[in-house]
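Here is a short briefing on one helix pair and on the salt bridges of a model. Please keep the structure open while reading.

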Amino acid sequence: MNALDRGSCIFLLGLSVLIGLMSLRLGIGGLELMGAGFMPFLASILLFVLTLFVLIKGLWTKHGGEERSHLTWAELEKPLKLVAGLIGYAFLLMPLGYLIVTFLFVFFMFHMMQPQKWRLDLVFAALIAAASFILFDTLLSVRLPFGILAMFR
């Protein structure tokens, strides 16, 4: 485990402790009556445990050979595209609407993983967007943005 990995693990451990303390100040309540800090407190515990596991495993495992301290563009390309897609999703959700933006984002994710199966990706993206819209908007009565499709409603 190189210094960058150890540093990021220590940062995440500190962040989880900070979130846990702030959640306690909000009040976590109990299982029957949850307070505002209940879910952030659970998330901070999960983050702490998983980061501690990664740190211990990284320190325990001995790497043979040469360690790299930098990332290449090929390793960062997909995560950066996903982050850009999520930012685009957030900006386009209100103007275009849930159905259109979700379809485009799911297609983008599927196509990025397997570009040769783009026809099947179109079908799955349409099914996922429609099924999630029906589940949330119709069955659970969660108001999702219609965007430009509001004129057909």
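A crossing is left-handed if the near helix is turned anticlockwise from the far one by less than a right angle, and right-handed if clockwise. By that rule, α4 passes α5 in a right-handed crossing. The model is predicted: local features need pLDDT of at least 70, side-chain atom pairs count only at pLDDT 80 or more, and totals for chains, interfaces and linings use all residues. Residues are numbered from 1 along each chain as its sequence is written, and side-chain values use heavy atoms, with hydrogens and water left out.

**Helix packing**
- Helix α4 (residues 98-113) and helix α5 (residues 118-139) pack at about 140°, and their axes are 8 Å apart.
- Contact (heavy atoms within 4.5 Å) involves residues including Phe103 and Phe107 of α4 and Trp118 and Phe133 of α5.
- By class, this contact of α4 with α5 has 15 nonpolar, three polar and one charged residues.

**Salt bridges**
- The count is two salt bridges (a side-chain nitrogen of Lys or Arg within 4 Å of a carboxyl oxygen of Asp or Glu).
- Glu77 pairs with Lys81 in a salt bridge, with the closest N and O atoms 3.2 Å apart.
- Both residues lie in helix α3 (residues 73-96), four residues apart, about one turn of the helix.
- Arg143 and Asp137 form a salt bridge at 3.7 Å, N to O.

**Exposure of the partners**
- Asp137 is buried at 10% relative accessible area, whereas Arg143 is exposed at 54% relative accessibility (buried is under 20%, exposed over 50%, partly exposed in between; 1.4 Å probe, protein chains only).
- Glu77 is partly exposed at 28%, and Lys81 is partly exposed at 36%.

Conventions: Axes fitted to C-alpha atoms, helices over the stretch in contact; angles between N-to-C directions. Helix = DSSP H or I, 4+ residues; strand = E, 2+ residues; numbered from the N terminus. Nonpolar A, V, L, I, M, F, W, Y, C, P; charged D, E, K, R; others polar.
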